[in-house]
Amino acid sequence: MACSVLVEGHDVAGEARPYAVYRLLVVEDGREWRIRRRWNDLRILVAELNAKHADVLRASGVPIPDFSSHGLRLAHQMP
């Protein structure tokens, strides 16, 4: 069962407090679907996968990105 996730892009949402929403393409066993997730959702997912399936992830050799906390600065907030 192969699964891949491609980040197709992002959008900015929220009026008072803008935040990024990532557009993801998920492909698994010949099926594909698109979802939108926030950075924090992805960070929680990776933490849960590592907690429950660390041995399988290590054995697979598939690199999992680091979803540590970050400060998103939107273009209009930059000096």
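This is a predicted model: local features need pLDDT of at least 70, side-chain atom pairs count only at pLDDT 80 or more; totals for chains, interfaces and linings use all residues.
Helices, of at least four residues, and strands, of at least two, are taken here as DSSP runs and numbered from the N terminus.

Strand S1 (3-13), strand S2 (19-28), strand S3 (31-38) and helix H1 (39-60) each contribute at least two residues to the lining, and the largest share, 6 residues, is supplied by H1. In terms of residue class, the lining of the largest pocket comprises 19 nonpolar residues, 1 polar residue and 3 charged residues.

Two of the strands that contribute to this lining, S2 and S3, pair with each other in the antiparallel sense over 8 bridges. Within this pairing, Leu25 has Arg34 of S3 as its bridge partner. The two strands, S2 and S3, form a hairpin with 2 residues between them, and in the turn Asp29 has a positive phi of about 50°.

Side chains of opposite charge can pair when their charged atoms come close. The structure holds 5 salt bridges, among them one in which the side chains of Glu8 and Arg34 meet at 3.0 Å, N to O. Because Glu8 lies in strand S1 and Arg34 in strand S3, this pair ties together parts that are 26 residues apart in sequence. With a relative accessibility of 35%, Glu8 counts as partly exposed, whereas Arg34, at 53%, counts as exposed.

A salt bridge is also formed between the side chains of Arg23 and Asp11, at 2.8 Å, N to O. This pair links distant parts of the chain, since Arg23 belongs to strand S2 and Asp11 to strand S1, 12 residues apart. Both partners are partly exposed, Arg23 with a relative accessible area of 29% and Asp11 with a relative accessibility of 27%.

Arg34, which is the bridge partner of Leu25 and meets Glu8 in a salt bridge, additionally forms a salt bridge with Glu32, the closest N and O atoms of that pair being 3.8 Å apart. Glu32 and Arg34 are both exposed. Through salt bridges that share partners, Glu8, Glu32 and Arg34 are joined into one network.

Notes:
Residues are numbered from 1 along each chain as its sequence is written. Side-chain values use heavy atoms; hydrogens and water are left out. Ala, Val, Leu, Ile, Met, Phe, Trp, Tyr, Cys and Pro count as nonpolar, Asp, Glu, Lys and Arg as charged, and the others, Gly among them, as polar. Two strands pair if DSSP finds at least two bridges between them. A salt bridge is a side-chain nitrogen of Lys or Arg within 4 Å of a carboxyl oxygen of Asp or Glu. Buried means under 20% relative accessible area, exposed over 50%, partly exposed in between (1.4 Å probe, protein chains only).
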